[in-house]
Amino acid sequence: MQPKSVYLAGPFFSEGQNYRVNTVKSLLENNQTINSEAIFLPGKDEYTAAEVGSFEWQIATFNADIRQIDQADLVVAILDYELEEDKHVPDSGTIWECGYAHGQHKPVILVRFDKNEKQAINLMLAGSYTAMFNGETDIANLATYDFYNLQNKYVPLDVV
């Protein structure tokens, strides 16, 4: 069986966010069911032919990310956005990428470093995932999770 390709969704705008992205990427790279050369990070592979934030950049970035989700076998999404500010709401772009992936019949794997099981997530996001890794101890299991079989892995959470 061929190792899976991944679109790694999640915010990458701060040092803490980049730490979380790099931690998840490293775990995926060590997983034998993942193609370590086929992990796409939107923040790393940015469009550079136009100024960041310009209309051209926005359109090119949106289209490139859509193409990458379409090409990927699955999406792994990091939900922690402004964790350092004690805010627990996921990044809206990451949520959109999860919804798009689910609509394209791609498995969605959720990752949350903050293991606050009383912290609710949106019902639509909760209903779209195949597996969720909750808390740093559980996230370590990304290195051995079988992305070929994609067993459901649920976490009891409050939903809103």
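Predicted model: local features only at pLDDT ≥ 70, side-chain atom pairs only at ≥ 80, totals over all residues.
1. Lys25 counts as buried, because its relative accessibility is 19%, and the cut-off for that class is under 20%. This lysine belongs to helix H1, which covers residues 15-29. Beyond its neighbours within four places in sequence, Lys25 is in contact with Leu8, Ile39 and Leu41.

2. Leu142 deserves a separate remark. With residues up to four places away in sequence set aside, Leu142 touches Val24, Leu27, Leu28, Asn31, Ile109, Val111, Phe133 and Phe147.

3. Strands S4 and S5 may be considered together. Strand S4 spans residues 108-112 and pairs with S5 in the parallel sense, over four bridges. Within this pairing, Ile109 has Ala131 of S5 as its bridge partner. In a regular strand, side chains alternate between the two faces of the sheet. In strand S5 (residues 131-134), Ala131 and Phe133 point one way, whereas Met132 and Asn134 point the other way. All four of these residues are buried.

4. Is Val108 buried or exposed? Val108, which is placed in strand S4, counts as buried because its relative accessibility is 0%. Not counting residues up to four places away in sequence, Val108 touches Val75, Cys98, Ala101, His102, Ser128, Tyr129, Thr130 and Ala131. Val108 and Tyr7 are 101 residues apart in sequence, yet the distance between them in space is 9.7 Å, C-alpha to C-alpha.

5. The largest pocket has a volume of about 460 Å³. It is lined by 25 residues, of which Tyr7, Pro42, Thr61, Asp65 and Glu97 are the closest to its centre. The elements that give two or more residues to the lining are helix H2 (55-71) and helix H3 (92-103). Helix H2 supplies the largest share, nine residues. By residue class, the lining of the largest pocket divides into 14 nonpolar, six polar and five charged residues.

6. Two backbone angles should be noted. His105 is found in the loop between H3 and S4, and its phi is near 65°, a positive value in a residue other than glycine. His105 counts as exposed because its relative accessibility is 74%, where the class requires over 50%. Leu150, in the segment after helix H5 (136-139), likewise has a positive phi, near 45°, and is a residue other than glycine.

Definitions and conventions. Residues numbered from 1 in each chain as written. Heavy atoms only, no water. 1 Å grid on protein atoms, 1.4 Å probe; cavity = no way out; pocket = protein on both sides within 12 Å on 5 of 7 lines; lining within 4 Å. Points joined across faces, edges and corners; volume = space filled by probe spheres on them. Nonpolar A, V, L, I, M, F, W, Y, C, P; charged D, E, K, R; others polar. Buried < 20%, exposed > 50% of the residue type's maximum accessible area, 1.4 Å probe, protein only. Contact = heavy atoms within 4.5 Å. Pairing = 2+ DSSP bridges.
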